[in-house]
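We will go from the whole chain to single residues.

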Amino acid sequence: MSDIAWNTIREESLQERFDLMVGRIGEIASEQQVPEKYQDYFHKAAAFLLKTVEIFNKKQADTLKERSLEECRADQEELYRHIQPVNYEKSYANPAFAVQSLGKEEGQLLSFLTSELEGCIPCAFQGKKQEMTLLMELFVQVYNCFENEDLKEAKQTIYWYFHDYSEIFVENQIHDMICPDDNFFADIIMNADLSDLRYLYQYGLPIGENETGIAKFLNQMPEADVQAMADTYTEGYRIGFEMTGKDLSKKKVAQLHYPVGFERMMRAAIGNLKKMGLDVTISREAVSSFQQKGSMKSGAYSTSVNRQYDFDHREDRALYFDKGFVERRLEVLKTVYEQHKEQARLVAGPAVVEVFGEEPFAPESKEEALHYTEEQQKLKVYNMSESGQITNKYIPGEERSFTIIAYPVPEIGDQFEEIFAETVVINTLDYKKYQSMQQSLIDILDQAETVHIVGKGENRTDLTVAIWPLADPSKQTAFENCVADVNIPVGEVFTSPVLKGTNGRLHVSEVFLNGLQYKNLEMTFRDGMIENYTCTNFASEEENKKYIHDNVLMHHDTLPMGEFAIGTNTTAYCMARKYRIQDKMPILIAEKTGPHFAVGDTCYSHEEDMVTYNPDGKQIVARENAVSALRHEDMSRAYLNCHTDITIPYDELGAITVIRKDGSTVDIIRDGLFTVEGAKDLNLPLLNE
């Protein structure tokens, strides 16, 4: 049988399954075959699925683009109504309400299913019939289990859904990451009429005031200004390869991550990348627990409808996450990468646009939400480690690079346009000037045996960091002089600390990490490893520790201090204070506004053995620590697959003092001001506030 004939049979079979499910769900929407207390749930879920089918049919008929703006908004309202904050308290998507209404196990399972079925929204907008059919079949199978009041069978149905279809899910995920052909999002960027804001509603993502506001704002900007933004972004990407001695000419694909609304900038950026010989891939923000939905913004993404909803479902995989599932997923991951190994080798790495300005979010911890058991937490760490090693084998870390840049969104407030303009200035500061000032700092820091950092006022930081000893100070350095390449904007010097001898307490009064607020975050280190940690977010110490363990330690029992850095971008710091947006700054900029300490992997993860140099010609030798050195014995123990920066702002900083081997000392910063000759111009923004 020819491939064409076989594909025709497969398509006919899939269409038959799709039609069968649509018909059955239409019946479920009104029938009363399940016990009465579940009927409301299944009626609402069925109505939601039928709405996604309506969208899918319009996509198939190529009429989605013909909707009026009012119709686009009405469709979105119907699709996301159940998770909007105003409706969330009495929504089955809310595990607390679901458990209260349906019982603990039943409520957790059906709240999970509500979240999982949201995957039908992007499937409908992209015309992905297979994935949509699988989700509808899952819904009907779970419904059948509730007809028979067989909760155990319902759980097994969900488990085998993720186990049996792992190959399809991973294949789609890897394809979107590495294969630039026929990319749904690139087509929107390059071919949509960006002056007609209806294009935003082609994504199948929630569109709010941030997305429409930034699109309108960019539409009124001169083309030269938009091009300049794109140039800063893509030039940082190119310089990242140049500065690390990596050959960009061997690569053919850049992975773009961007917020919806930035299409004008991304269109210009794609043009720049093509001139470098690079096509692009763009994935979709994760929409399934299989992809760790809610864990981070990536691919093409938009503002969350409800961050409490995201937080409530961040550990949904706990429903089916066991050793068998993990091994199956890892096996499939290896197989799929092996099938695409030639294409994977051409991937240059991610180019990321982040946004900031959303209202700070302090989550409510709900016992009704699904949570990993202690055994599952250890399994999650194992899964992350093994996945990282597999990915690094096929997309080698020593051959790829990245870049990240950030801009504000309208939610930041009435002064959005002024803040945006100042952010552009920050992103384009004179890196040569900073390079010189930062070198003055490094010249002193390279004399250190240890560096002592203390807070002032209510900041309780008292931390000693051990610095890599230099065999030949005339040719070697322990600190990297970081200018505006991979991490835009300019402004830090950093090192991988020696773990033994790194001791003390790190404290910040308030910090936002990965979108979550931490009040009075405190960590103590013994020989470079986290020994204890706490915060004051919740009433009980147990809740506070769990919050940090889950979202900073990423379920590890401990983490090393992977980075010690001094941020030098006093201009960014003063901008944040001027507009009172310190609590809204992204870590990308916040880390440049004071000393910061990363827990997790070093900045040279998987690149420890590369030889790189600072602009002054000195080799950067502090590239590993005692944990990453374990790669020679056991890769799974060497890499933690996380790296979280915690910054002390200048106004909470008492001093940073270099302590030499002979016991003599010299300050880098005292009372929040730089004291090193050659770097004192960094104080000008601080003194002119």
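**The whole chain**

Start with everything selected. A compact globule of 689 residues would have a radius of gyration near 26 Å, and the protein chain has 26 Å, so the two agree. That radius is taken over C-alpha atoms, and the globule rule is 2.2 Å times the number of residues to the power 0.38.

This is a predicted model: local features need pLDDT of at least 70, side-chain atom pairs count only at pLDDT 80 or more, and totals for chains, interfaces and linings use all residues. Residues are numbered from 1 along each chain as its sequence is written, and side-chain values use heavy atoms, with hydrogens and water left out.

Show the C-alpha trace. Along its principal axes it spans about 80 × 55 × 55 Å. Switch to cartoon, and there are 25 helices and 20 strands. Both are DSSP runs numbered from the N terminus: helices are H or I with at least four residues, strands are E with at least two.

The protein chain exposes about 28,300 Å², and carbon and sulfur atoms supply 48% of it. Such areas come from the Shrake-Rupley method with a 1.4 Å probe; for residues, only the protein chains shown count as cover. Of the 689 residues, 57% count as buried. Buried means under 20% relative accessible area, exposed over 50%, and partly exposed in between.

**Stop 1: the largest nonpolar core**

Select Phe42, Leu110, Phe139 and Phe146. These have the most contacts inside the largest nonpolar core, which has 79 residues. Helix α8 (residues 129-147) gives the largest share of this core, 11 residues. A nonpolar core is a set of buried Ala, Val, Leu, Ile, Met, Phe, Trp, Tyr and Cys residues joined through side-chain atoms within 4.5 Å.

Zoom in on Phe146. What does Phe146 touch? Its contacts include Val34, Pro35, Tyr38, Phe42 and Leu110, not counting residues up to four places away in sequence. Contact means heavy atoms within 4.5 Å.

**Stop 2: a covered strand**

Select 253-259, strand β1. Here 7 of its 7 residues are buried. In a regular strand the side chains alternate between the two faces of the sheet. Check both sides of β1: Val253, Gln255, His257 and Pro259 lie on one, Ala254, Leu256 and Tyr258 on the other, and all are buried.

β1 and β4 pair in the parallel sense over 5 bridges. Two strands pair if DSSP finds at least two bridges between them. Leu256 has Ala351 as its bridge partner in β4.

**Stop 3: the open sheet**

Which strands make up the open sheet of 8, and in what order? The order is β13-β12-β11-β7-β6-β18-β19-β20, with antiparallel pairing. β13 (529-534) and β20 (673-674) are the edge strands, each pairing on one side only.

Click Thr450. On one side it stands opposite Ala466 in β7; it also stands opposite Ile659 in β18. β6 joins β7 (residues 462-466) by 5 bridges and β18 by 6. β6 and β7 form a hairpin with 6 residues between them, and Gly457 in the turn has a positive phi of about 65°.

Move to β19 (residues 665-670). 2 bridges join β19 to β20, and Ile669 stands opposite Phe674. Finish with helix α20 (residues 431-445), which packs on the sheet and touches β6, β18, β19 and β20.

Technical notes. Axes are lines fitted to C-alpha atoms, for helices over the stretch in contact, and angles run from 0 to 180 degrees between N-to-C directions. Buried means under 20% relative accessible area, exposed over 50%, partly exposed in between (1.4 Å probe, protein chains only).
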